[in-house]
Amino acid sequence: MKITLPAGSFLIGTAVLTAGIAGSVGCGGAPATGDGEVVVTQEAVIGDALSGTDPTKFNSGKNVFTRSLSNSDGLGPLFNGYGCVACHGSGSIGGGGNVTEARFGKLTNGLFDAMESIGGPIRQSTGIGGFNIGGLNCQSGHDNNPPVGATLFANRLTSPLFGLGLVDSLPDGRFDTLASREPAAIRGVVNRVRIALANPLDPSQVVGGTRVARFGWKAARPSLAEFAADAARTELGLTSSSCNAGVPNLTFALENRPNQSPSNAVINGCPDDTIPGTDLDFAVQSQQCRRDPATGASGSINKLDPTIELLTFFSAHLAPPTPVPISANTAAARGQALFNSASLGCSGCHRTDTDVFVSTSAGGVPAGIVFAPYSDFLVHDMGSLGDQMGNTGDSVAVTRRMRTAPLWGLRVRNNLLHDGRTTDRAAAITAHAGQGAAASAAFTALTSQDKNDLLQFLGTL
Ligand code: HEC
Ligand code: HEC
């Protein structure tokens, strides 16, 4: 439903979010209580803000991220979790987790078909049930499981958000540089996509223009702002509208609907928002993006929906995980050398180029921060490890492409690989196929001592 809480009210109830609180956020459990109180195990600096971040805004964003939503906040009608932290809580608020979401599709004339007409490609796992709009008794309905006609299915594991604001700040050319440095056999593809929602803090982003997609297991989305608006709608059922350069942006204003429902205009017989099925709230408050709702100043308004803006700010300002220091002549030091060796080739895709990974101020993070994500954020043909999912019209070869998983913060991850199939790091390595097959074979051929050294190194990330 449309977001009904003004951004400021998320601070009511003074959520408990400071470091060092005992307990844990388990993704299968109940991570957030109804009043927004959250109990977290905080490790070292994981989950902290980038230094210099406005703490008030960061905490406001964190409160939105951790809030457990109810119907009156705009939850549903269909949704996957009660709040972002329901899935993103491993290691700290904003982390990955063991929750997977279900995707589906089919092949039509040999090409991938995301089945948008029945609510694909993501199946929402639950709904709010009965709800009341303007005196009408309504039902959220539910997604069919399996969706009628789907033949391809894949689970997607929740990935961590630490450090991603730095990645968001990188200009497109950095990814081209990474690709150009990779040997042809493992070279990744730079995935340029159409920008659906522009982040006003990065003037280079224009709706309808292109940007290198770098977020998600398949590098499908170009920015954290667009991901936040998409996640709010897809995972929580929170629709939003924003203003991009004076034009209402309604890309994420349409409800998820039950995958057996014929139309987006009604949710099982009940109109949802002011204009059925669409959320014009922020655009309407801004008089169709020509007047700033906060100041009343007229002009060409360029602002995200306030809730989406806070979620974006929080995600963008999470500091990258700091690796555990490695002493010389230890197993981890030997493992690091193996990781970087030409014979294993791990660092060919899991990259740390210090000239490329330097933040810029695009998106509002501090410029000049050098970071080591252990990824190229490019997609690679991973053969049998590919998940067979894509956008409508993609060839089967394209559906095998996966983004190199960033390995920073691996030590606070549990389940691994895009579908969370294993907790065993060695098994995750041997599952590499396609462009990763040579690395997998080289790993398998190592002595058990060398394997152990490599795994010790991975445990420091
Ligand atoms: C039901 C579980 C769930 C909820 C709730 C959820 N997410 Fe996610 N999140 C995921 C999964 C699964 C992925 C991986 C998606 C993919 O790549 O297809 C993901 C990925 C992301 C990414 C991309 C990370 C990367 O590695 O590039 C961002 C950003 C993100 N989520 C933000 C949010 C925000 C903001 C919210 C709240 C509005 C949210 N998520 C709520 C499950 C969830
Ligand atoms: C051709 C590029 C490529 C090479 C070479 C490569 N990887 Fe990967 N790696 C990937 C991709 C892509 C994924 C995500 C696969 C998926 O889940 O679909 C991944 C995932 C992983 C994961 C799981 C991480 C997670 O978050 O689930 C680990 C661990 C890993 N790689 C370690 C290694 C090691 C160690 C080597 C060297 C022996 C290596 N990789 C070589 C591309 C590569």
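## A pair of strands

Two strands are said to pair if DSSP finds at least two bridges between them, and the helices (H or I, at least four residues) and strands (E, at least two) are themselves DSSP runs, numbered from the N terminus. Strand β6 (residues 130-133) pairs with strand β7 (residues 136-139) in the antiparallel sense, over 4 bridges. Within this pairing, F131 has C138 of β7 as its bridge partner. The two strands form a hairpin with 2 residues between them, and G134 in the turn has a positive phi of about 50 degrees.

## How to read the model

This is a predicted model, in which local features need pLDDT of at least 70 and side-chain atom pairs count only at pLDDT 80 or more, while totals for chains, interfaces and linings use all residues. Residues are numbered from 1 along each chain as its sequence is written, and chains are lettered from A and ligands numbered from 1 in the order in which they are written.

## Around ligand 1

A residue counts as near a molecule or strand if its C-beta atom, placed from the backbone, lies within 6 Å of it. There are 26 residues around ligand 1, of which G81, C84, C87, F215 and G216 come nearest. The elements that give two or more residues to this shell are β8 (152-157), α4 (224-236) and α6 (306-316), and α4 gives the most, with 7 residues.

## Helix α3

A residue is buried if 20 or more other C-beta atoms lie within 10 Å of its own, exposed if 12 or fewer, and partly exposed in between, with C-beta atoms placed from the backbone. In helix α3 (residues 172-181) the buried residues are R174, F175 and L178. Seen down the axis of α3, these residues fall within an arc of 100 degrees (taken from the directions from the helix axis to the C-beta atoms), so they line one face of the helix. On the other side of α3, G173 and S180 are exposed.

## Nonpolar cores

A nonpolar core is a set of buried Ala, Val, Leu, Ile, Met, Phe, Trp, Tyr and Cys residues joined through C-beta atoms within 7 Å. The largest has 59 residues, among which A228, A232 and L311 touch the most other members. The elements that each supply at least two residues of this core include α1 (55-66), α3 and α6, while α4 gives the most, with 8 residues. A second, separate core of 17 residues includes A332, F339, C346 and F443.
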